[in-house]
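Welcome! Here are a few exercises to work through with the sequence and the 3D view side by side. Try each task before reading its solution.

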Amino acid sequence: SHSLVMKLRRFLLRYFPPGIILEYDLKNGSREMKEIDLLHLATDTDVEVLVNQIVFEEPLISEKKKPQLRRLIYKLIEKLEQKEANDFYLFKILRAHILPLTNCAFNKSGDKFITGSYDRTCKVWNTITGDELLTLEGHRNVVYAIAFNNPFGDKIITGSFDKTCKLWNSDNGDLYHTYRGHATEIVCLSFNPMGTIIATGSMDNTARLWDVETGECVHTLLGHTAEIVSLNFDTHGSRIITGSFDHTIKIWDTRNGRVTHTLSGHHGEISSTQFNYSSDLCISGSIDRTCKIWDVASGQCVHTLRGHNDEILDVSFNSTGSKLVTASADGTSRVFNTMTGACQSILIGHEGEISKVAFNPPGTRILTASSDKTARVWDVDTGDCLQILEGHTDEIFSCAFNYHGDTIITGSKDNTCRIWKN
């Protein structure tokens, strides 16, 4: 009966996290996408069992599509088996702004990145040539928080101490909208995954959701009693998480702007929050030296991860959500198993606080940025330091991988961005 309603057009592969995307047509002619998540795919997965299970459960995929499905799954496994390339080397040094840098961020492929600064501008750069492509001017104060609308990459948002957020065309620098409404500085922001809604978080204790097309404020998220310093959408864009200096985290429904849960239990300001890919769990890091894993549906704390002896400054899941990493002012990072809450390795070597931490997309490497003027690349399984990225002359506050994991960007108080490639 399903075959009358829907017709499978093609399969698309998603490498990080592993999945297969079905593109299909409905009878009315509209085109739809459906994602089959394979978050537990491993090099030793029994492919036949998996193929049979998918065909059994998924009405869009007929028996005769099995060989094609099998090939795709082997392709995903091949990607999991890929050995990491060599060390990263310094590719470019960019003296981005005269006044201090605040942030830097890649588009999905990593061929462009953006920098924000105290000079009130955001600049767009070509990663390969190191050329400045655009200067986005118009803010009346520090440009603090910046982001591309990944995976698309055709728009940029900038959040400023001038209380506004601006939406720009990333190709020609045109200003689409200026979002006004916050009473004080905007310090965090994000696009939803579809690129249709923007969230901003402010020192005025509120977050706001804005419509990309119309420029209107859709919802004001009221409830925190201190500044909001972290916010993230879940994978489907239906929820948003906020972390505040009021020691709580809140989960909101993006459709109506209402709080679904207030996550209480930390004994200090929240520094960082994130949903896992499945969006059934979220994590929070706090200056109380702990990271907590929360169940999104119930709002209950599942694990409290201890071990750091100073503030936790950043937390991050890997792309499948099976592991998470914490970064602390104690100069170490810790890798935890999400399900068990067990600490699986401690990354020791930095001589100053670690303010940023990230997994590469395959989840085999961790990147840390420290006040000791270095960034380091670590092996996730062993906890060994594989490489020290040296050269910055002041603390590094920003670091990121591109989607392919072959390019790293670091931003430092020495006012340079460095691009590293392997």
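Buried means under 20% relative accessible area, exposed means over 50%, and partly exposed lies in between (1.4 Å probe, protein chains only). The model is predicted, so local features need pLDDT of at least 70 and side-chain atom pairs count only at pLDDT 80 or more, while totals for chains, interfaces and linings use all residues. Residues are numbered from 1 along each chain as its sequence is written, and side-chain values use heavy atoms, with hydrogens and water left out.

**Exercise 1. Find the salt bridge between Arg-255 and Asp-253, and decide whether each partner is buried or exposed.**

Step 1. A salt bridge is a side-chain nitrogen of Lys or Arg within 4 Å of a carboxyl oxygen of Asp or Glu. Between Arg-255 and Asp-253 the closest N and O atoms are 2.7 Å apart.

Step 2. Asp-253 has 11% relative accessibility, so Asp-253 counts as buried. Arg-255 is exposed, because its relative accessible area is 66%.

**Exercise 2. Work out which parts of the chain are tied together by Arg-14 with Glu-35, and by Lys-112 with Asp-171.**

Step 1. Start with the general idea: side chains of opposite charge can pair when their charged atoms come close. Searching the whole structure gives 17 salt bridges.

Step 2. The salt bridge of Arg-14 with Glu-35 has its closest N and O atoms 2.8 Å apart. Arg-14 sits in strand S1 (residues 6–14) and Glu-35 in strand S3 (residues 31–37), so this pair ties together parts 21 residues apart in sequence. Strands here are DSSP runs (E, at least two residues), numbered from the N terminus.

Step 3. Arg-14 is buried at 10% relative accessibility, whereas Glu-35 is partly exposed at 45%.

Step 4. Lys-112 and Asp-171 meet through their side chains at 3.1 Å, N to O. Lys-112 belongs to strand S6 (residues 112–117) and Asp-171 to the loop between strand S11 (165–169) and strand S12 (175–179), so the pair ties together parts 59 residues apart in sequence. Lys-112 is buried at 15%, and Asp-171 is exposed at 55%.

Step 5. Look also for a network of salt bridges, which links Arg-9, Arg-10, Glu-23, Asp-25 and Arg-31.

**Exercise 3. Describe the surroundings of Lys-92.**

Step 1. Lys-92 is in strand S4 (residues 89–95), and at 24% relative accessibility Lys-92 is partly exposed.

Step 2. Set aside neighbours within four places in sequence; Lys-92 then contacts Ile-128, Thr-129, Gly-130, Cys-417, Arg-418 and Ile-419. Contact means heavy atoms within 4.5 Å.

Step 3. Now compare sequence and space: Trp-420 is 328 residues from Lys-92 in sequence, and their C-alpha atoms are 7.1 Å apart.

**Exercise 4. Trace the open sheet that contains S13, and name its edge strands.**

Step 1. Two strands pair if DSSP finds at least two bridges between them. The sheet has four strands in the order S13-S14-S15-S16, with antiparallel pairing.

Step 2. Its edges are strand S13 (186–191) and strand S16 (217–221), each pairing on one side only.

Step 3. Strand S14 (residues 197–202) joins strand S15 (residues 207–211) over five bridges. Ile-198 has Trp-210 in S15 as its bridge partner.

**Exercise 5. How many disulfides does the structure hold?**

Step 1. A disulfide is a pair of cysteine sulfur atoms within 2.5 Å. The structure holds zero.

Step 2. Check Cys-165: the nearest cysteine sulfur, that of Cys-188, is 11 Å away. Cys-165 is buried, with a relative accessible area of 0%.
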